[in-house]
Structure formats: structure tokens, C-alpha cells
Amino acid sequence: GATCRNWTWEFDFDRQLDCTTVYCDLEPPASPLNTTEASHNADIAKKDDPDWNSYGRTLNYTCPEGHVLDVPDKFDEQEDPQVEFQVQCDQDRYWRPLFPGNQFPDNPIIPACISINCTRPPFQIAADGLARMNWTEVKGNPRPYATLVKYECSKDGWGYAEDGLNSTISVCQHDGTWNVTEVPVCVKLPCVDAPPPAPDGPGAERVYGLDGTRYR
């Protein structure tokens, strides 16, 4: 800066130096430690713009599938999911997220990508001894994206009348729902082993039945 003293200006910088463009780090900021890494478009920006990391330039970040942005001071991420954000090269040569609460001269804080949780418990089966599942619902426990729950018939030679199988898998999907919303009742099958799958080829299909299996 410059200060007026004794009718003259005193400068605290070398006036002979030229002003130059501010450039931020060539390595874009990473997601916080121990969190899922967000992808960014820095490689594309480098090809399209030689000054891609100069003051005012921005980079786009995207959370991976099944994750949402943990936005500061926001507590309803799943109800109003946000998966993208931008960082901008700022005047202090730091990449800074474009959020109202994280502006110069505050230290830049890169937001984390957090797993989507299935908001409802997985389908619960009857405790009748005929079937079991590898999930115990505990209040407060998370059900993050890609969580697998296995259902299976407890007795040998028992399975599902719909397909002849004795187990099925439910997975927590990227939209926060389970792909299995109902599990059939286990019944005694006519054969212990399931019939062969449908043959290869377009239009091939296996139609299972307790009294017989048809192929077409």
C-alpha cells in the first residue's frame, strides 16, 4: 500500500515491479481426507485454455454416483441433492469453492461428497424360521449407497416359487431406495437344484413354475 507522510507518499512495495497475473496451483484441490473423491474438469480446461489456472478461472467438480455434496450449514442434502460445485482461482492464489460462506480472506474449504442413505429400512421378512436376512435394523445406523442385504431360505430344498432360487439380494440404490421392495415366502421346491437358465440368444426366456419350467 501507500501512506502519505510529511507531504510525500511512502510505498511498502517496489514500484519498479510490474503487475502480473495471479495464478493458482497447477494441482487442483482434492476432496477432504477420508472422503469420496469428487471428479473435476481440470484436464479439459488445460487443453482448452493456456491460462486455465489464472485469477477468476473456474473448475467444475462432480460427486460420484450415489453421493451428494455436504454443503456447509445445510442439513437436508438428500431432500434437495446437490452433486456439483465450482472452485475459482482467487486473489490469494488459492482455489476457493464458490459458496457464500467461504470467501476471501477465509481459508478455502473444499466440501466433501457423502454417501446417499436409503431413508427407509430394507424389507423385513417374517420371523417364522423359514427365511433369514443378514441385516438387523438399529435406530440411527446408516444405510449408505450400495449397501447389500441378502435374503435366503433357511431350509435345504426350499426356495421361491417365482424363480426356483433360494436367495435374493437387495441393494441401496443411488436414489436412496432399495431395489427389492418385497421378498416372496419360502416354499418347498420339487427339485433341490434350480432348473438350467434360459439358452443364449435374443428372445430366449425361462418361465419357472413349481409344476414345470418352460423355455422359449
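Predicted model: local features only at pLDDT ≥ 70, side-chain atom pairs only at ≥ 80, totals over all residues.
Student: What is the pairing pattern, with bonded cysteines counted along the chain?

Tutor: The pattern is 1-3, 2-4, 5-7, 6-8.

Student: Start with Cys-24. Which residue does a disulfide join to Cys-24?

Tutor: Cys-89, with an S to S distance of 2.2 Å. The two cysteines are 65 residues apart, so to speak of where they sit: Cys-24 is in the loop between strand S2 (8-11) and strand S3 (39-40), and Cys-89 is in strand S6 (residues 84-89).

Student: And which hand does the link of Cys-24 and Cys-89 have?

Tutor: The link is right-handed, with 95 degrees about the S-S bond.

Student: Is Cys-24 buried or exposed?

Tutor: Cys-24 counts as buried because its relative accessibility is 5%, and the cut-off for buried is under 20%. Cys-89 is buried too, with a relative accessible area of 0%.

Student: Next one. Where does Cys-172 lie?

Tutor: Cys-172 lies in the loop between strand S12 (167-171) and strand S13 (186-188). Its relative accessibility is 1%, so Cys-172 counts as buried.

Student: Which cysteine does Cys-172 form a disulfide with?

Tutor: Cys-118, and the two sulfur atoms are 2.2 Å apart. The pair links distant parts of the chain, 54 residues apart, with Cys-118 in the loop between strand S8 (113-115) and strand S9 (131-133). Cys-118 is buried, like Cys-172.

Student: Why is the disulfide of Cys-118 and Cys-172 called right-handed?

Tutor: Because the torsion about its S-S bond is about 115 degrees.

Student: What else does Cys-172 touch, leaving out residues up to four places away in sequence?

Tutor: Besides Cys-118, Cys-172 touches Asn-117, Arg-143, Pro-144, Tyr-145, Ala-146, Thr-147, Thr-177 and Trp-178. Ala-146 is 26 residues from Cys-172 along the chain, and their C-alpha atoms are separated by 5.0 Å.

Student: Which hand does the disulfide of Cys-153 and Cys-186 have?

Tutor: That disulfide is left-handed, as the torsion about the S-S bond is about -95 degrees. Cys-153 lies in strand S10 (residues 148-153) and Cys-186 in strand S13, so the pair ties together parts that are 33 residues apart in sequence. The sulfur atoms of Cys-153 and Cys-186 are 2.1 Å apart, and both residues are buried.

Student: New topic. How many residues does the largest nonpolar core have?

Tutor: It has 17 residues, and those with the most contacts inside it are Trp-52, Leu-59, Tyr-61, Leu-69, Phe-85, Val-87 and Trp-95. Helix H1 (42-48), strand S4 (58-62) and S6 each supply at least two residues of this core.

Student: Which element gives the most to this core?

Tutor: S6, with three residues.

Student: What is Trp-95 in contact with, leaving aside neighbours within four places in sequence?

Tutor: The contacts of Trp-95 include Trp-52, Leu-59 and Val-87, and also Cys-24 and Cys-89. The last two are the cysteines joined by a disulfide. Pro-28, Pro-29 and Pro-108 are among the other contacts of Trp-95. Apart from this core lies another, of 12 residues, among them Met-133, Trp-135, Tyr-160 and Val-180.

Student: Now the sheet with S9, S10 and S12. What is the strand order?

Tutor: S9-S10-S12, in an open sheet with antiparallel pairing. S9 and S12 stand at the edges, each with a single partner strand, so one side of each is left without a neighbour in the sheet. Neighbouring strands are turned by 15 degrees against each other on average, direction ignored.

Student: How many bridges are there between S10 and S12?

Tutor: Five, in the antiparallel sense.

Student: Which residue in S12 is the bridge partner of Lys-150?

Tutor: Ile-169.

Technical notes. Residues numbered from 1 in each chain as written. Heavy atoms only, no water. Helix = DSSP H or I, 4+ residues; strand = E, 2+ residues; numbered from the N terminus. Buried < 20%, exposed > 50% of the residue type's maximum accessible area, 1.4 Å probe, protein only. Contact = heavy atoms within 4.5 Å. Disulfide = S-S within 2.5 Å. Core = buried A, V, L, I, M, F, W, Y, C linked by side-chain atoms within 4.5 Å. Pairing = 2+ DSSP bridges. Axes fitted to C-alpha atoms, helices over the stretch in contact; angles between N-to-C directions.
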